[in-house]
Amino acid sequence: MEEIMTQETNQATALTSWWNEASFAGKEMYSLKDNGELVLHMAPGEERTVATVTAENADMVLKVLSDKFSEVEGRMKELQTEWDAAEDKLKVLGKVERMREYLKHTNAVGNFSALLQPLSGMEKTIGGLADENNKQRLELAQKAEELAGGENWKETTQAFKDLIEQWRKLPTVDKHRSDELWNRLEAARTKFYERKQQHNEDVNKEMLANLDLKLELVDKAEKLAASEDWKATTESFKQLMEDWKKIGRTTPEKNEELWNRFIAAKNVFYDRKKGHFETIQVEQEGNYKLKLALLERAEGMKDSTEWGKTAQAFTDLMEEWKNIGRVPLEKADEMWGRLIAAKEQFFNAKKHHTETMRVTLDDNYAQKMALLKRAEALQNSNQWREATAELNELMDEWKKIGPVPREHSNKIWEQFIAARKKFFERKDANRERRQQRMEQEKESRSRQAYDFRYKLEEELREEEERLADFKNGIENITPGRKAEELREHLTKLIKQTEHKIEHKKEKLDEINKQIAQREAGGPDAAAETPEPADNNIPGE
């Protein structure tokens, strides 16, 4: 035990010495904990661990993370160039938010202050543009808080529904402030629906349920107290203790009583276990021979470069080691030290091999998280063309980014695809509604065209009959004093009527062509049905 504590002290001392000598831009933003965690302090109260180092790998990890910061600087320069060129700064909002989100998650070592300062300036400019949008949301949140204490249940419920509908129709510009105001609105709505009396009843129900759970654990502990299955029962008591910690408080008058019964049963078992193991010292010499064979195998694998196979072999070997049991105390520390030395030699080499890959996976995750946040911000947009272009841009960027840690891969991909699917389903529904309106308008124009053609045909027949009457009249003029005057009048009417007939035929040909095009499925000849024929030609 003292040797282990000495090793830990030496490790902490070596790390402190390395940190004092290390020099890099932005070092004042970082701190190193005793356990090797390298912590980045982005702002007061905002910090995260970017790596965990040991005295052996500290220089290598610092080099990898410094190289990653150079990539981050390049991304910021690209954003600054696009920002300077953009006339409409709100169009760069998504990329600004993605960069902020990226900086919150990327693991790198460098002067983050130099990146945060211009980014804050961009956010300030966008914030000013978002003030009007925020003002409207603030009014809705304040109205919700006024309604929270209402007791006219039906009318207030409807009022809350109306507020939510108004909120959803507003475009989201400043997501942070929007979320804060939404939380106020949601808190007011929750206050309306959940009264204190119901809350107290729920607490009482939970305490009674916890009482039943703890009684069950005490019964199990008291039954296990007499067990002689030492290993399995030890694990069972560990699990019972974990289960106990997870259960919340119960009624005060029962809590201490149940705890005392639980601890008493646990102590009975461990006292019996201690007496049992005092009788098996003889077995430990046999265990020594078995562990010595495992130790020779471990030292034979310490220089292997078959990472996966050898790592599993070490895992299996360590499991065998644990299952063998104790060896004589005077030999235990030496054997354990040799085993750990062989294991650490192999795994340190393996860690050096995989450290760069881990940083790359984490950075890819940070990039994809930024894309996901922007896709979710766009999923309810009604700016169909702009949002479609940006979502396609997000997909192109997603495909260019490499793999992420396996535990995140499926989840963030499904969330990203769900956001895209929601937007495009809404877009398709909007297109369908517009198509239906166009079909209805097209059908209306077709009916107008047929009605107009029928009117023209009727008017043409009337003009042709009138022309025939005029011609018949001129052929049957009775000789007399006014015969020549009548002939001139009829001749003038004939010319006017022939002109009108020719005009109506041209109109009729035009409308027939339009109808033919529509029936053939081609584009409409005109956006609207022509005006009715002119029936007021001078001289008629």
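**View A. Tyr30 and its contacts.** Leaving aside neighbours within four places in sequence, Tyr30 is in contact (heavy atoms within 4.5 Å) with Trp19, Phe24, Leu38, Val39, Leu40, His41, Val50, Ala108, Val109, Gly110 and Phe112. This is a predicted model, where local features need pLDDT of at least 70 and side-chain atom pairs count only at pLDDT 80 or more, while totals for chains, interfaces and linings use all residues. Residues are numbered from 1 along each chain as its sequence is written, and side-chain values use heavy atoms, with hydrogens and water left out.

**View B. An open sheet of three strands.** Strands (DSSP runs of E, at least two residues, numbered from the N terminus) line up here in the order S1-S2-S3 with antiparallel pairing; two strands pair if DSSP finds at least two bridges between them. At the edges lie S1 (30-32) and S3 (46-52), each pairing on one side only.

**View C. Strands S2 and S3 side by side.** Look for S2 (residues 37-43), which is joined to S3 by six bridges and runs antiparallel to it. Val39 stands opposite Thr49 in S3.

**View D. The largest nonpolar core.** Such a core is a set of buried (under 20% relative accessible area, 1.4 Å probe, protein chains only) Ala, Val, Leu, Ile, Met, Phe, Trp, Tyr and Cys residues joined through side-chain atoms within 4.5 Å. Of its 42 residues, Tyr30, Leu79, Val96, Leu103, Phe112 and Leu119 touch the most other members. Helix H2 (58-85) is among the elements giving two or more residues, and H2 provides the largest share, 11 residues; helices are DSSP runs of H or I, at least four residues.

Methods: Buried means under 20% relative accessible area, exposed over 50%, partly exposed in between (1.4 Å probe, protein chains only).
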